Amino acid sequence: MAATSHSQFFLLSPLKNKPSANSSLSLKTLHSKRHFPPPQISLSAHETSQTTTTNPSSQNPPIQPRKTSIWINPKGKLMSFSDERMTRLKTLAASLDQSKPPDGTVASILSAQTFPISEADAVRVLDTMKRSDKALLALRWFLKNIEIRNEIILYNVTFKNFRKSKDWNRTESLFSELLQSGVEPDIITFTTIISSAKQCNLPSKAVEFFEKMSDFNLQPSNLTRASIIGSYFHSGQSDKALQLYDQIRTEKDGYQVAFVTMIKNYARAGNYDGALNVFEEMRALEIKPNLIIYNCLLDAMKHANRPWQVKTIYKEMLKNNFEPDRTTFVTLIRSFSKARYAKDALNIYQQMKEQNIRLDTMLYNHLLSMCADLGLLEETEQLFEEMKNLPEGSRPDSWTFSSVLTAYSCSGRVSDAERVFNEMLNAGFKPDIFLFTSLVQCYGVAKRVGEVKRVVDKIAELAVKTDDRFSACLLNVATHNCDGTKEDFDVILECISSVNLKLGELVNFLVLEDQSENNSDELIKERINEWLETVLGPVRKPCLNCLLDICMNFGKIKTARVILDYAIELKIYDGLHEKFQNMWVLKLRSLSIGGAKVAFNAWTEDLKAALKSGEKIPVLVGINTGHGNHKYGGKRLINELKVYLGEINAPFHEDSERGGWLVSTDVAVQDWLETERLL
C-alpha cells in the first residue's frame, strides 16, 4: 500500500505536532488532535519480520523472543482422562475446596489419596478448584510431593484459578514466590497475570507486568500489546498508549484489537470525535473493520447522542455485507428510541422479530417510552399487548405500565389509563411515584381536578415519597386549568403546596398576589432563585415552561418576560437566538406554548434594535419549533404559534420542505414592524 499523506487520516480536527512521550495529555482531547505519520512500508523481508519493542517508551533494540511457550489446556485433548479418573479428580478438587482448617487438611487429603497423582492430575485439580486460598496450598503440596517436569505449567494454571476468583493479592504474592524458587515465567504467565489485573480493575498493575516481560526476554504478541493500550489509558499514561498504538496499527495482526481498544477508551472519556477519527484512520489505512469494531463505534455514537451518525454507520455496515447481531440491534433501538427516531426504532424492532432475536423487557420499555412521548397510541398498545403474552424476562414491569399510562395521559384517555392502572395492581405491582405521576397527568389533561386531588391524597395515605418530577407534573396540570374556574386552580395550587410548599408559594406570589410596583424585577428573580436552589437540574426547564404558561394565561406578561430573561441569564434556556450569514433563527423547540410567545416578543425587540442600529437583516428569518409529533394536551407548538402570529399579523408561514419551521423574509419582517409601529 502506498504511503498515505497525514491529511487523509482525519476528517475532524487534526493537530500538526505529535505529542512527545513525556507530555501529559487528556484522553478527552487525544486523537482528535493528533498527527499520525504515514505507515512505513519496507521492501526488505528481513525488516518486515522484525519485532517491535515491548515497552513503548523504550529505545532499546528489538527483543528477540526466548523460546515459544506452550499452553497446556487442562480441558484439551492432550489432557484427556478416563471418565472414572475424571470423576475422581473432580471429587478431589471439591473436597480440597471444602477442607478445614487450611494447612493440615489440604495436605492430609492429598497425602491420603490411594492413587498416584501425576503432573496432569495436578493441573486438572488446580484448574477445577474454586477456592484460591486452597488452590495455593494444593500447588505447594504438588510442588513438593509429586514428580514435575515443567513447574511453570502448575504455576500458570494456579494464576488462572486466581484470575477466576479475582484474587489479586495472591496473584502478586505467588509471582514473587515463583521468582524466589528459581522458576522462570513464560508468555502464558504474563498474559494470565495481565488479564487478571484488568479483571480486578488494576490498570497500573497490568502495565507493570506488561513492561516486566522485557526483563525476561519475552516478546508479547500483537494481541497482548493491543489489549494493554486500554490499561495505559486508564493508568494515566495516554502518551504511551498512543505510542504503542502507533507501533501496532499497521502490522499484520493485532490491529483490530488495537482499533477496538482505542474506540472504547475514547468513548469512555467522552471524546467521541477521537473514536470517529480512529475509524476514519482505518479507512485511510485500507483496513476493513469487523463487526466488533462497528458495534463499538455504534455504541460510542449512541452515548454521544448522535443518532444520525448511528444511522450512517449502520448503513455502511450493511453495505459492507455485515450481518447485525443482537448487540447491534440493542444499540440501535436504544439510540433511536432515545432520539425519538420512531420510524427507525420500530423498523429495527420488526427486523428483530423477523429474525427471532429476543427482545427483553428493557428494550420493549425503550420503545414504549418513545411511543408514549410521541403520542403513538396504536404502536404503544400493540407493544404492550405483545409483552403480556411473552415469557418471563420480556413481560411488563412498572416502567412498562408507566409508559402506557403516559401515552393515555397525553391523549386524555382516562378510562384506558384507569384500566391499565388497575391491571397493574392485579398483576401484583405496587404503585410508585412514577405511576402516580402518569395518572395525575391523565386526570389533569382531562381537567378532572377532583380526581387529581384524590390521587394526591392517596399518595399521602400510602406514604409514597414524592419527587421534583411529581411537583412538575402538578404544575403542568395547573397550566391546563388556568382557563377554568378559580376554584379548580385553587385546588391544584393546594395540591402543589401539599407536596412542595416552596413551589406553591412561588406560584401564589407570581400570579395570585397583588404585585405592586414594589415587586420589582429583582424581587421576582430572587424568589425564582430561592426555588431553583431546591430543584433538580433536569426538572428546572419543564417547571419554568409551566410557570411561563401560567403567567401568560393569567395575563402576567411582564412577569413572564422577567422569568424568561432570568432563565436565559442562568443558561437554563440557551441558544434561543442564532445568527447565520443568510438567516436569523429563533429556536423554540425547548419552550412551552406560553414560553414560545414570550420568546417571540423578546426576539421582536432584538430585531427592532438591530434595525435601529443600522444592522442589516439577512434575506431569510426563521422560527424553529422542532419536528416532533408530540401533542401535549392535544396541542402542537407550531399550530398554536401560527394562531398567535396570525393574531398579531406577523408575516411568517410554515415551510413545506422542513417540518416545524416558520419562515419569512427580511422585507416582510421589516414592513410588518413598520406597519405595526413597532419600529
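**Questions on a predicted model**

Reply: Leucine 126 lies in helix α4, which covers residues 119-128, and the model in which it is seen is a predicted one.

Me: Is leucine 126 buried or exposed?
Reply: Leaving out residues up to four places away in sequence, leucine 126 touches Ala135, Ala138, Leu139, Phe142, Leu154, Val157, Thr158 and Asn161. Its C-alpha is 9.5 Å from that of tyrosine 155, a residue 29 places away in sequence. Because a residue counts as buried under 20% relative accessible area, and leucine 126 has a relative accessibility of 0%, the answer is buried.

Me: How far apart in space are aspartate 666 and valine 619, C-alpha to C-alpha?
Reply: Aspartate 666 lies in helix α33, residues 666-675, and at a relative accessible area of 17% this aspartate is buried. Beyond its neighbours within four places in sequence, aspartate 666 is in contact with Ile617, Pro618, Val619 and Val621. Although aspartate 666 and valine 619 are 47 residues apart in sequence, the distance between their C-alpha atoms is 5.0 Å.

Me: What is the distance between the end C-alpha atoms of helix α21, and what span should its 14 residues have?
Reply: Helix α21 takes in residues 398-411. The expected span is 1.5 Å times one less than the number of residues, so 14 residues should span 20 Å, and the distance between the end C-alpha atoms agrees with this, at 20 Å.

Me: How many of the 14 residues of α21 are buried, and what covers them?
Reply: The buried residues of α21 are Thr400, Phe401, Ser402, Ser403, Val404, Leu405, Ala407, Tyr408, Ser409 and Cys410. Because of this burial, α21 is largely enclosed by the rest of the structure, the number of buried residues being 10 of the 14. What covers these residues includes α19 (361-374), α20 (377-388), α22 (414-426) and α23.

Me: Which residues does threonine 437 contact, apart from its neighbours within four places in sequence?
Reply: Threonine 437 is found in helix α23, made up of residues 433-445, and with a relative accessible area of 17% this threonine is buried. Once its neighbours within four places in sequence are set aside, the residues in contact with threonine 437 are Arg469, Phe470 and Cys473.

Me: What is the phi of asparagine 321, and what is that of asparagine 356?
Reply: Most residues other than glycine have a negative phi. Asparagine 321 is found in the loop between α16 (307-319) and α17 (326-338) and is exposed at 69% relative accessible area, while asparagine 356 is found in the loop between α18 (342-354) and α19 and is exposed at 71%. Neither is a glycine, yet each has a positive phi, about 65 degrees for asparagine 321 and about 55 degrees for asparagine 356.

Me: Over which residues is the pLDDT below 50?
Reply: The chain averages a pLDDT of 82, and 83% of the residues score at least 70. One stretch with a pLDDT below 50 has 62 contacts in the model beyond near neighbours in sequence, and this is residues 1-29. Another such stretch has 23 contacts of that kind, and this is residues 57-68.

Notes
Residues numbered from 1 in each chain as written. Predicted model: local features only at pLDDT ≥ 70, side-chain atom pairs only at ≥ 80, totals over all residues. Heavy atoms only, no water. Helix = DSSP H or I, 4+ residues; strand = E, 2+ residues; numbered from the N terminus. Buried < 20%, exposed > 50% of the residue type's maximum accessible area, 1.4 Å probe, protein only. Contact = heavy atoms within 4.5 Å. pLDDT = per-residue confidence, 0-100.
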